[in-house]
Amino acid sequence: MSTRTRGFASVNDVDGSILVVAVGVLATWIGATDAMLRYLRPSMRPWLVLAGVVLLVLGTVDYLHIRRQRSSLGDHDPHGDHAGHEEHGEHGVGDSYSFGQGDDDGEASGEGHAGHDHGRSRVGWLLLLPVVIAVLIDPGALGAYAVTRQSNLRFIGASDFELEPYLRSHSFGGAVPDLLIAEFMAASRNPDDQELLAATEVKLIGFVVNGEGPEGSFLVARLQIGCCAADALAATVEVHGWEATYPDESWVEVTGTFDLATTLNENEDAGWFVSPILVASAVREIEAPKEKYEYPR
Amino acid sequence: MSDGRPPAADTSDERPHTADTADSSPLAADTKANEPVPTRRILGPVATTAVWANLVVIVVYRSSFGHLFTNAVVENWATIFVSVVLQALPFLAMGVVVSAAISALVPAQWLARVLPSKPVLAVPVAGLAGAVLPGCECSSVPVAGRLVQRGVPQAAALTFLLAAPAINPVVMVATSVAFPRNPEMVFARFAASFGAAVVVGWLWSRFASPELLEQRLRTLAATSHVHAFTATAVNDFLQAGGFLVLGASLVAALQTLVPASALDSLAGGGVVSLASMAVLAVLLSICSEADAFVAAGLPQFSLTSRLAFLVVGPMIDLKLIALHVGTFGRRFALRFDPLTFVVAVGMAVVVGAVVL
């Protein structure tokens, strides 16, 4: 039959199933815990867990099949060498759609199609990388570094956010209304809302980014994600009038008022992208929230 | 009845039991498969054991490793990388599972019977069939080969080959999730991909001689339906997952390491950004269920250039080129692949201009 080097179970095929199981475990684990909030929107949670479970089951069933095949057939496989068919990744079942992959005669064997010819998708080994990275580095949510790397081609645009009704409904009993930073930015850029915003004290929550504004100021930022962490968009305000400093990525609650005049001044100098300036009347450190990103409403 | 020339003598396709007669037993083995096959594996058994052992160690002792990687740049890369992979995972899993199920359950003859015989009509119908049957790129090539064997007009089979990975429901859903603020991307992707598949099919039926397509398909049997299903699904997932990892790491690197201004200048200009996304799609070879998330991870680029990425990717990439050569021969690939690339980019531009 095939000139395999191993006499026992086809390690290559078994590796494939184990890889799938490993990825399934990773997905289920992250999906089930709060770790997923660092990477994805909360609404993805059930899908991630489901995918993880499906992969787990798929890999396990496949593993069992291979094992059973091995033990019942030993080295001799009358079914056209099960091992051989695994190598080709072909699983035709008679006349139904089979996935016979063309045999590679050795030509056009580019990097990009590993596993198509012999052996189970060698490129599949790369799937170990996210498992290792997630376990080893266990990276946190995007933070200050991402804020400093924002593209100038993207910006928090005008949204459906209407400032006036919002402020009205959130100011009962003289309470200071809290805004999302993205909402604050949207209102600060909207000529209809600017004056009202400049006249109202508001509360914002975000993490501190130092070194981006003029001396004596710091940015308070939050990241918006659309699909996943890869498209994170920073919403930032420049906090003026507060002397205390905070380390990068510490979370603060800032109470203050929009400084329309200075912001418009800076606008002319800095181009279209500007963080609205907030003059702070109070800043206090808070615990990092579970959901660090803002999700556009 | 087949449009293709008779299969070359050295392939297994002349076997009478694979002709379009009554179903042979599902466990029909192709004796060609018993030929000795050299094993090429990237790691020997000792090395693979070492890999698994290392993984176990890392998992068990992870808390003591944590302090080694507190670099902000590394963390930023890692977060983006993991998030793209995780975001794409459910769609990849779904696409692979459904496509493997269909491949295991739907006989090739069904499609052959359903298609009209005239290429002009068969091509768009085949394209629409692709919309309904989720097919991973990896499996759509051999499926198309099998269709040609069954007598489906070549052009229709090729249109199906192009359309199935590009416009099936899983891909459409993935695209809508990846572009929550731009739902028009879903329609644009569908229209441009369907259009490209049909145009290529029509052009092929009009201008290409049937001898260009060799039949080099081999069939091997699994031992049971369930095994066929799981083995295919695992194989497809591994391959697609591997390329997803490549694409995700590239996106993470671009967003973490390349200066924002450099990326902006590449992304901002019309032709340059379009061309770079089209080329990137060919190089990255990402499965169509996952590529929407990679495209969403490059938001500096215009929607149209990212549309080009999404239209070109499922039809032409390094992995597919190799599959084409392996399944249909080099002469075929030399004509089919550039044609498809040009049509795909053109369609993306046209549809992008109108819709986006």
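A:Phe258 is buried, with a relative accessible area of 4%. Buried here means under 20% relative accessible area, exposed means over 50%, and partly exposed lies in between (1.4 Å probe, protein chains only). A:Phe184 is buried too, at 0% relative accessibility.

The model is predicted: local features need pLDDT of at least 70, side-chain atom pairs count only at pLDDT 80 or more, and totals for chains, interfaces and linings use all residues. Residues are numbered from 1 along each chain as its sequence is written, chains are lettered from A and ligands numbered from 1 in the order in which they are written, and side-chain values use heavy atoms, without hydrogens and water.

Start with chain A as a whole. Its secondary structure comes to 9 helices and 6 strands. Helices (H or I, at least four residues) and strands (E, at least two) are DSSP runs, numbered from the N terminus. Chain A has 297 residues, and 58% of them count as buried. Its accessible surface is about 12,100 Å², with 55% belonging to carbon and sulfur atoms. That area comes from the Shrake-Rupley method with a 1.4 Å probe; for residues, only the protein chains shown count as cover. Take the contacts (heavy atoms within 4.5 Å). Among those in chain A between residues at least 6 apart in sequence, 70% join residues at least 24 apart.

Next, confidence. Over residues 1–11 pLDDT stays under 50, and the model has 30 contacts beyond four places in sequence for them. Over residues 75–118 pLDDT also stays under 50, with 168 such contacts.

Now turn to helix 7 of chain A, residues 181–189. Here 8 of the 9 residues are buried, so the helix is largely enclosed by the rest of the structure. The buried residues include A:Ile181, A:Glu183, A:Phe184, A:Met185 and A:Ser188.

Aromatic pairs come next. Rings of Phe, Tyr and Trp (its six-membered ring) pair if their centres lie within 6.5 Å; planes under 30 degrees apart count as stacked, over 60 as edge-to-face and the rest as tilted. The count comes to 11 aromatic pairs over all chains. The rings of A:Phe184 and A:Phe258 have centres 5.8 Å apart and planes at 85°, so this pair is edge-to-face. The pair links distant parts of the chain: A:Phe184 sits in helix 7 and A:Phe258 in strand 5 (residues 251–258) of chain A, 74 residues apart.

The ring centres of B:Phe91 and B:Phe293 are 5.0 Å apart and the planes stand at 40°, so the pair is tilted. B:Phe91 lies in helix 3 (residues 72–105) and B:Phe293 in helix 13 (residues 288–296) of chain B, 202 residues apart. B:Phe91 is buried at a relative accessible area of 6%, and B:Phe293 is buried at 0%. Elsewhere in chain B, B:Trp204, B:Phe328, B:Phe332 and B:Phe336 form one aromatic cluster.

In soluble globular proteins, nonpolar side chains tend to be buried together. A nonpolar core is a set of buried Ala, Val, Leu, Ile, Met, Phe, Trp, Tyr and Cys residues joined through side-chain atoms within 4.5 Å. The largest core holds 153 residues, and those touching the most other members include A:Ile30, A:Leu223, B:Phe81 and B:Phe309. Helix 3 of chain B gives the largest share of this core, 16 residues. Beyond its neighbours within four places in sequence, A:Ile30 is in contact with residues including A:Met36, A:Tyr39 and B:Leu86. A second, separate core of 27 residues includes A:Phe184, A:Met185, A:Leu197 and A:Phe258.

Last come the salt bridges, each a side-chain nitrogen of Lys or Arg within 4 Å of a carboxyl oxygen of Asp or Glu. A:Arg45 pairs with A:Asp34, with the closest N and O atoms 3.4 Å apart. A:Arg45 is in helix 2 (residues 45–73) of chain A, and A:Asp34 in the loop between helix 1 (11–32) and helix 2. A:Arg45 is partly exposed at 24% relative accessible area, as is A:Asp34 at 38%.

In chain B, the side chains of B:Asp291 and B:Arg189 meet in a salt bridge (3.0 Å, N to O). B:Asp291 is in helix 13 and B:Arg189 in helix 9 (residues 184–207) of chain B, 102 residues apart. Both are buried. Back in chain A, salt bridges that share partners join A:Asp34, A:Arg45 and A:Lys290 into one network.

Technical notes
pLDDT = per-residue confidence, 0-100.
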